[in-house]
Amino acid sequence: MNKQIITWLIFSCLIPAGNIFAGEQLGPMAVRIQQQLKSDGRDQYDVLKDPGRKPFETMQFFNVKAGTTVLDMTAGGGYNAEILSAAVGADGVVYAQNSHFVTTLIKGALHKAMRGRLENNRLPNVRYIVVDPEDMPFDESIDLAIWGLNMHDVYHRDGEAATIRFLNQIKRALKPGGILGLSEHVGISDNNNAELHRLETSIVLDLVEKAGFVTEETSDLLGNPDDDHTKSIYAEGLRYATDRILLRARKPSN
Ligand SMILES: C[S@@+](CC[C@H](N)C(=O)[O-])C[C@H]1O[C@@H](n2cnc3c(N)ncnc32)[C@H](O)[C@@H]1O
């Protein structure tokens with residue numbers, strides 16, 4: 001018998017019944033996300049993004065819970081909104097927010113992608129809202145907000161004060177003690193990060209703190225050691241696979 005098969009047989013005997021190979025050891029949220037990844041009607045680009053996003057592990061890191069109300073800031077085409085939909089489950093609600101300005105980018109492609117995945121009530125717990133952050137109708141009603149791969153856009157285009165204002169609107173929406181989950185393409189100093197669409201991690205941490213959040217943890221779960229941070233996030237071979245940081249921060253309870 002082949003050595004690999006023998007090893008696998010020995011190994012699988014040592015694992016208790018309900019092992020991960022049968023998918024039974026996965027919790028209900030992991031199973032829902034796994035099913036969502038295979039569901040019909042996802043956006044055509046989602047599947048290219050999956051390996052670089054590690055959706056279940058990322059939701060776990062952000063501490064997403066079933067039955068909660070979450071906000072996807074600058075949802076873009078809605079990759080995170082779709083994963084959040086599965087993560088919070090039927091008893092949860094996902095608000096997917098795009099600013100008016102975002103809906104005009106790339107000839108409205110992101111707006112169309114977002115609307116496309118919601119057709120025929122495909123994600124019944126997702127509410128798509130086109131609204132600027134300062135006009136969001138949330139006051140301390142959101143359990144968790146995700147701001148994915150977009151802080152660099154706001155920072156490089158509109159500056160530090162505007163980025164803090166953006167974060168402050170997220171803070172206004174969150175319940176006391178609510179969570180901010182953030183992802184960003186890693187940039188290093190001395191590079192033209194505006195051109196590369198990246199941001200230094202020290203700047204991310206600084207802005208989050210200046211907006212009054214308390215950072216709990218950062219993670220290199222979506223790290224890529226092959227990314228030397230000198231190329232654009234759109235460079236061949238790097239797109240969807242950049243070195244990224246994840247950050248989880250909390251709005252203070254008092
Ligand atoms: C990579 S997408 C991220 C979308 C989504 N959050 C995600 O994680 O998939 C970045 C988003 O930033 C938007 N964007 C580009 N420039 C911007 C700017 N100056 N201000 C705000 N958003 C901008 C794009 O339209 C796009 O929706």
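Some ground rules come first. The model is predicted, so local features are reported at pLDDT of at least 70 and side-chain atom pairs at pLDDT 80 or more, while totals for chains, interfaces and linings use all residues. Residues are numbered from 1 along each chain as its sequence is written.

The protein has 11 helices and 8 strands; helices (H or I, at least four residues) and strands (E, at least two) are DSSP runs, numbered from the N terminus. Its radius of gyration is 19 Å, close to the 18 Å from the globule rule for 254 residues, so the protein is as compact as a globular protein of that length. Here the radius is taken over C-alpha atoms, and the rule is 2.2 Å times the number of residues to the power 0.38. Along the principal axes, the C-alpha atoms fill a box of roughly 65 × 45 × 40 Å. Of contacts between residues at least 6 apart in sequence, 74% link residues at least 24 apart, a contact being two C-beta atoms, placed from the backbone, within 7 Å.

Buried residues account for 37% of the 254. Buried stands for 20 or more other C-beta atoms within 10 Å of a residue's own, exposed for 12 or fewer, and partly exposed for anything in between, with C-beta atoms placed from the backbone. In soluble globular proteins, nonpolar side chains tend to be buried together. The largest nonpolar core here holds 52 residues, and V70, L84, A145 and I170 touch the most other members; such a core is a set of buried Ala, Val, Leu, Ile, Met, Phe, Trp, Tyr and Cys residues joined through C-beta atoms within 7 Å. Helix α5 supplies the largest share of this core, 7 residues.

In α5, 10 of 10 residues are buried, among them Y79, L84 and V88. Leaving aside residues up to four places away in sequence, L84 touches V64, V70, D72, V94 and I146. Just after α5 comes G89, with a positive phi of about 75°.

The ligand is surrounded by 14 residues, and the closest are G76, Y79, G148, D153 and R157; a residue qualifies if its C-beta atom, placed from the backbone, lies within 6 Å. By class, the shell has 7 nonpolar, 5 polar and 2 charged residues. Ala, Val, Leu, Ile, Met, Phe, Trp, Tyr, Cys and Pro count as nonpolar, Asp, Glu, Lys and Arg as charged, and the others, Gly among them, as polar.

Antiparallel to β7 runs β8 (residues 244–250), joined to it by 5 bridges, where pairing takes at least two DSSP bridges. T215 has A249 of β8 as its bridge partner.

Most residues other than glycine have a negative phi. N121, however, has a positive phi of about 55°. N121 sits in the loop between α7 (109–117) and β3 (126–130), and counts as exposed because it has 7 C-beta neighbours inside 10 Å. D190 likewise has a positive phi, near 75°. D190 belongs to the loop between β5 (174–187) and α10 (193–196) and, with 8 C-beta neighbours inside 10 Å, also counts as exposed.
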